[in-house]
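Sequence and coordinates come first.

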Amino acid sequence: MILIIHAHPYPQHSRAGRALLEAVRDLPDLDVRSLYDLYPDFDIDVAAEQAALVRADLVVWLHPIYWYSVPAMLKHWFDVVHLRDWAYGEGGDKLRGKHCLWVTTSGGETSSFSETGVHQLPFAAFEAPLRQTALFCGMVWETPIVLHGAHVITEDEIGAAALAFRERLATWRPNPPSQAAKPIRRPSDVD
């Protein structure tokens, strides 16, 4: 089962995010949890979110980049759902071996994410906190999908990205268990 955790505070204003989500909504064995729709008061039902995660083989984090990070709701979701002794720590193995795919949109064009661009860093520098979150919980990090220039690219470019996203999910298969990433060592694991 594929679980999409969708976090966009203003989905009606998102050409790119909306196209990506609509391209996959009808896939079989897919559950979409739009956090801002489900929890407008930020009062997340932790048990429901954890149950959805347990059922999933692939977890997709779909959101726009906000100030080099995730929207506030997704950060809050990480804080209250990925609990010690559930997602990590002693006995915290509920996400171990699940695959994680980060799908994000950026208003900045590809060229703006470089040492000479306006952001002065390659986009991969902003991937690290999310990748580390997944790895810390023992998840298998999939190659992310990043759609740059969401405000300026053409409808055809957005459509092509949406089709590519659909194809990626429709053909996704987990690696055999022997290929799965090993959980990283945590500071508490060290003698």
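The model is predicted, so local features need pLDDT of at least 70 and side-chain atom pairs count only at pLDDT 80 or more, while totals for chains, interfaces and linings use all residues. Residues are numbered from 1 along each chain as its sequence is written, and side-chain values use heavy atoms, with hydrogens and water left out.

The whole structure holds eight salt bridges (a side-chain nitrogen of Lys or Arg within 4 Å of a carboxyl oxygen of Asp or Glu). Three of these are listed here.

| Salt bridge | Closest N to O |
|---|---|
| R166 and D26 | 2.6 Å |
| R55 and D31 | 3.6 Å |

R166 in helix α6 (residues 155-170) and D26 in the loop between α1 (15-24) and β2 (30-34) are 140 residues apart; helices (H or I, at least four residues) and strands (E, at least two) are DSSP runs, numbered from the N terminus. R166 is partly exposed at 26% relative accessible area, and D26 is exposed at 56% (buried means under 20%, exposed over 50%, partly exposed in between, with a 1.4 Å probe and protein chains only). Helix α3 contributes E49, and strand β2 contributes R33; both E49 and R33 are buried.

Six aromatic pairs are counted. Rings of Phe, Tyr and Trp (its six-membered ring) pair if their centres lie within 6.5 Å; planes under 30 degrees apart are stacked, over 60 edge-to-face and the rest tilted. Y36 and F42 have ring centres 6.0 Å apart and planes at 80 degrees, so they are edge-to-face. Y36 is buried at 16%, whereas F42 is partly exposed at 32%. For W61 and W141 the centres are 6.4 Å apart and the planes at 55 degrees, so this pair is tilted. W61 in strand β3 (residues 58-64) and W141 in strand β5 (residues 140-141) are 80 residues apart, and both are buried. W61 and W141 belong to one aromatic cluster with W77, F78 and W102.

The loop between β3 and α4 (72-81) contains Y68, which is partly exposed at 36% relative accessible area. Together with Y10, Y66 and W67, Y68 forms a nonpolar surface patch of about 520 Å² accessible area. Such patches take residues with over 30% relative accessible area and no salt bridge, nonpolar side chains (Val, Leu, Ile, Met, Phe, Trp, Tyr) being joined within 5 Å and like charges within 9 Å; areas come from the Shrake-Rupley method with a 1.4 Å probe.

One cavity of 30 Å³ or more is found, and the largest cavity has a volume of about 40 Å³. A cavity is a set of points on a 1 Å grid over the protein atoms alone where a 1.4 Å probe fits but cannot get out, with lining residues having an atom within 4 Å of a point; volume is the space filled by probe spheres set on the points. H6, H8, G17, L62, H63, P64 and T105 line the largest cavity, and β3 supplies the largest share of that lining, three residues.

Methods. 1 Å grid on protein atoms, 1.4 Å probe; cavity = no way out; pocket = protein on both sides within 12 Å on 5 of 7 lines; lining within 4 Å.
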